[in-house]
Amino acid sequence: MKVTLKVNGRLRTADVEPRKTLLDTLREDFLLTGSHAGCEHGVCGACTVLIDGEPSRACLMFAVQADGYEITTIEGLAPAPGELNVVQDAFCETHGLQCGYCTPGMILSAHALLEHNDAPTRKDIVEAISGNICRCTGYGQIVEAVELAAERLRQTNVPRHVDGTRPNESLGDSTTTDAPKAAHTPHGARR
Amino acid sequence: MKPAAPMKFVSSNRRVREDRRFVAGQGRYVADVVLEGLLHVAVLPSPHPAARIVSIDAAEAMKMPGVHYVLTGEELAKATDPLMNGLDTPNVRRYPLAVGQVRYAGEWVVAVVAESRAQAEDAAEKVRIVYEQLPYVVDSEEAFDSTSPPVHAAHGSNLLLDKTFVWGEVEKHFAESQRHLSFRVVWGRNSTVPIETFGVAAKWDPWREMLDVWASIQMPKYPDQIARALRIPLNNVRVHFDVDVGGSYGVKRGIKQSVLVSHLARVLGRPVRLIEDRLDNMRAGDAHGPDRIFDVEIAFNDDGIVNSMKMRALDNVGAYAGRSPFQLGKPIGAIVGPYKIKSVQYRAIAVTSNKAAQEAVRGFGQAPTNYAIETAIDKVANTLGLDRIEVRRRNFIRSDEFPYLIPSGTHYDSGDYHTVVAKVLAHANYEGLIRERDALRAAGQCAGIGIAACLEPSGGNSAFEPLLNEKNTTTTWMDSCRIVVDGLGSVTATIHTTSSGQGHETLAATVIGEVLEIDPDLIRIVRPDSLNSLPSNTPVGSRMAIMLGGAAFHAAQKLKAKIVRLAAHQFGCAEKDVVYGGGTVSHAASDRKFAWAEHVNIAHRNFHLLPEGMEPGLETTHVMQVPTGTKLPENGRVQMYPCHSFEFHLVLIAFDPVIGKPEIRRYVIGHDCGTVINPRIVKGMTLGGIAHGIGASLLEEFVYDSEGQMLTQSFMDYLLPSSHEVPKVEIVHHCTPSPFTVFGQKGSGESGYLGAPAAISSAINDAVAPIGISFSKLPIRIAAISDAIAAAGELQTKVKA
């Protein structure tokens with residue numbers, strides 16, 4: 001049957017069997033192969049996509065069920081070809097991955113967390129990624145990546161001075177961002 | 001060999017270049033490879049652990065929509081040779097599909113090929129197979145009993161290997177020692193279980209006589225094994241190494257899957273693909289790890305000095321042999337751990353059973369052996385009432401004793417175990433940790449400190465092969481690198497294997513950049529296919545920092561030497577009179593300089609300016625043999641791996657005695673892998689290895705019931721550690737360079753995993769010691785802890801009554 005899905009902001013149509021999963025449809029019909037099959041029973045999270053902004057298992061959903069929702073895959077996260085978004089870049093900075101297979105799902109889960117909460121605690125982060133199994137990293141550098149991305153997002157939302165500078169110009173280096181910069185925070189920067 | 005100047009890129013905290021494509025979802029895994037006209041395979045598993053195949057009726061399946069073919073084992077066996085065995089066991093024959101008989105529940109019996117995987121699965125359900133059940137055996141000791149039903153009747157028994165080594169004066173040392181103890185520990189069958197299952201696609205071109213293969217593979221001599229099984233020349237097989245592998249840690253060696261799919265591609269004249277689903281993978285991907293019983297006897301003195309050890313290791317390798325029995329051989333290269341144990345008797349036994357076949361798992365048998373050795377040291381300390389760390393210190397090899405020859409014939413390269421331990425204890429505040437444990441105990445919790453010290457042999461040669469199989473005379477175990485400077489001056493280097501997250505592109509670029517003194521980010525790294533490749537033995541045995549790093553280093557040195565010779569010729573001076581720096585060659589005497597672009601131009605375009613006999617172009621290759629370990633074994637002794645990284649784990653675990661769910665409250669590891677080439681990669685390996693060890697010691701097991709059925713077939717019951725189970729780990733670094741490698745680097749691909757199971761077992765046993773119980777089998781699952789504590793409580797109540 002024909003199904004029209006809104007994927008990464010664009011409407012895409014495919015002719016699929018009703019039993020075909022959203023994951024297989026994304027991969028085979030739309031060639032969006034960044035979403036991966038890991039267990040196909042909803043445990044590992046490698047197939048995670050965002051459905052209306054919420055992390056969901058594309059292996060547990062039929063394509064026909066996804067009609068009418070905003071679907072975001074990893075391919076929809078980069079702002080332009082060759083350009084990474086904040087979360088993706090933070091994963092590169094901390095090396096929050098190895099083989100890369102769980103990474104798209106992991107990044108989408110982290111992205112969804114940071115959309116709601118740009119000052120997550122370690123506990124918040126652990127909870128948000130607990131539905132994504134990573135076999136390579138032991139999660140340490142993933143947690144660091146999400147902390148770094150959160151920090152950068154907080155900085156992005158800090159108002160600029162008239163001269164264009166921000167309270168902390170040196171992005172990403174936690175030792176400098178943690179340093180007191182009292183002279184630069186008169187505009188009510190969030191802590 | 002060591003560069004005199006401080007290093008610019010090696011050891012510096014640089015990004016890992018592979019990460020960019022992965023965070024964007026732009027990796028290219030085998031399931032992403034698009035082939036025109038691709039057909040899909042589904043396999044039908046055996047429901048029985050052992051049965052004769054009476055008949056197979058595929059008529060109805062062939063009528064199903066989209067179906068192209070139904071292949072049986074019998075047909076496949078006529079067209080192919082059996083898959084390779086590591087040991088000299090020719091009657092343990094293995095084919096991709098069961099031939100005449102099934103040998104474990106889940107074994108693949110027929111393969112169905114259809115237009116889609118779903119259609120192939122639908123049709124597989126219509127295949128009718130009549131079985132006649134046969135006797136079976138799953139228990140290891142039962143399989144070892146000569147009266148057990150042999151899994152391979154033609155082999156005559158279930159015994160694949162029973163070899164006893166005696167290194168040194170074991171009986172004398174036992175007789176002279178004041179104390180002895182003995183115990184049994186069991187390592188449960190688990191594996192690395194990558195999130196990507198195994199997958200392979202193959203295409204046969206009859207006009208070019210070429211088999212193209214794309215696979216999620218990490219295996220030495222993979223193209224060779226396909227060619228042998230299919231009985232075609234090796235230059236008719238082209239394996240594409242530019243496929244990203246979604247995790248392996250040793251197990252991605254799907255040779256049966258690859259031969260099956262390659263055969264089907266030849267028969268059908270269409271590209272064919274098999275991507276295991278999770279059930280295929282868990283039950284019959286033939287990728288389980290060691291399944292081992294250790295019986296250990298230790299001879300020691302009142303002061304805790306361990307003199308001698310007798311170890312019997314019985315491994316249940318499952319229904320087929322493959323390479324897995326060698327996992328009993330690799331630990332011989334570090335059989336005394338970091339300790340000065342003077343003599344060892346080691347009996348290695350491998351038996352077949354009606355379980356799934358094993359494959360190489362991270363550490364190749366070393367993690368189980370380390371668990372047995374570390375349990376022994378804990379028991380020595382506890383018997384004597386000594387501190388467990390103090391006993392380790394008394395037995396450690398001292399830093400001034402390297403290279404240190406262990407009884408089984410391997411020289412350890414270097415180490416400073418006492419310093420690493422001292423650094424960890426200072427970092428963790430050991431006294432404070434003991435107080436914390438005791439406070440937890442006083443508050444009614446079970447709390448324990450776990451300790452493990454162990455080695456990571458690295459550099460991967462195959463010396464265990466000739467040691468366990470005299471017909472095998474392999475001593476060559478090389479890796480290679482080619483560097484090409486093109487006509488516009490850009491540098492491209494090649495590596496000749498797939499990677500599964502270890503960052504080999506970053507490794508090679510960093511090393512070449514270091515030697516040539518150019519920015520590694522400007523160097524492109526490519527992976528040619530197998531027909532365009534130099535020899536590689538793939539990332540096994542924790543070897544790539546040493547071997548790919550070494551090959552890249554030497555290739556870059558050759559390139560630099562060529563540039564120096566070329567420039568000196570222009571200056572009309574001797575090579576010793578010029579200086580290479582940052583790609584430019586200077587001649588101080590004449591105050592002349594030749595820049596990179598000028599070397600490139602002369603090499604590519606000005607033959608008339610080349611020194612006599614120099615080949616045009618700027619290209620060098622290096623094929624590197626593993627340092628040390630160049631000889632066949634003598635008298636049961638052999639130099640195994642060249643390098644030995646050290647790790648020391650210190651763990652605090654607490655749990656409620658009724659619930660029994662372990663909480664890791666503190667995890668500190670001291671890690672010394674010599675010179676680190678990329679700190680982020682090494683950190684990731686260590687943290688990932690510890691997580692894997694947490695799984696092996698607390699959660700993961702392929703459990704078989706008495707009916708021969710595997711009970712843990714999905715991620716609902718085979719439990720992988722999530723972010724909730726893995727604590728924040730603190731790493732304490734130390735660097736003792738190896739004298740045998742180009743930068744002093746050692747391996748780190750197995751770090752963390754080799755000691756974490758021992759450390760966690762140690763912590764849990766310390767926690768329950770006050771109750772008077774102990775655990776001697778991994779994994780120690782929550783239910784086992786709470787049940788054992790409850791049983792101990794009941795016993796106490798009875799005694800009191």
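Residues are numbered from 1 along each chain as its sequence is written, while chains are lettered from A and ligands numbered from 1 in the order in which they are written. In this predicted model, local features need pLDDT of at least 70, side-chain atom pairs count only at pLDDT 80 or more, and totals for chains, interfaces and linings use all residues; side-chain values use heavy atoms, with hydrogens and water left out.

Chain B is divided into domain 1 (19–26 + 478–624), domain 2 (33–134 + 195–248 + 252–284) and domain 3 (292–463 + 631–798), with bounds from an automatic or database domain assignment. The C-alpha centres of domain 1 and domain 2 of chain B are 40 Å apart. Where these two domains of chain B meet, 17 residues of domain 1 are in contact with 21 residues of domain 2 (heavy atoms within 4.5 Å). One salt bridge is found across this interface, a salt bridge being a side-chain nitrogen of Lys or Arg within 4 Å of a carboxyl oxygen of Asp or Glu. Asp244(B) forms a salt bridge with Arg21(B), and their closest N and O atoms are 2.9 Å apart.

Now to the single residue. Glu598(B) and Thr584(B) are 14 residues apart in sequence, and their C-alpha atoms are 9.1 Å apart in space.
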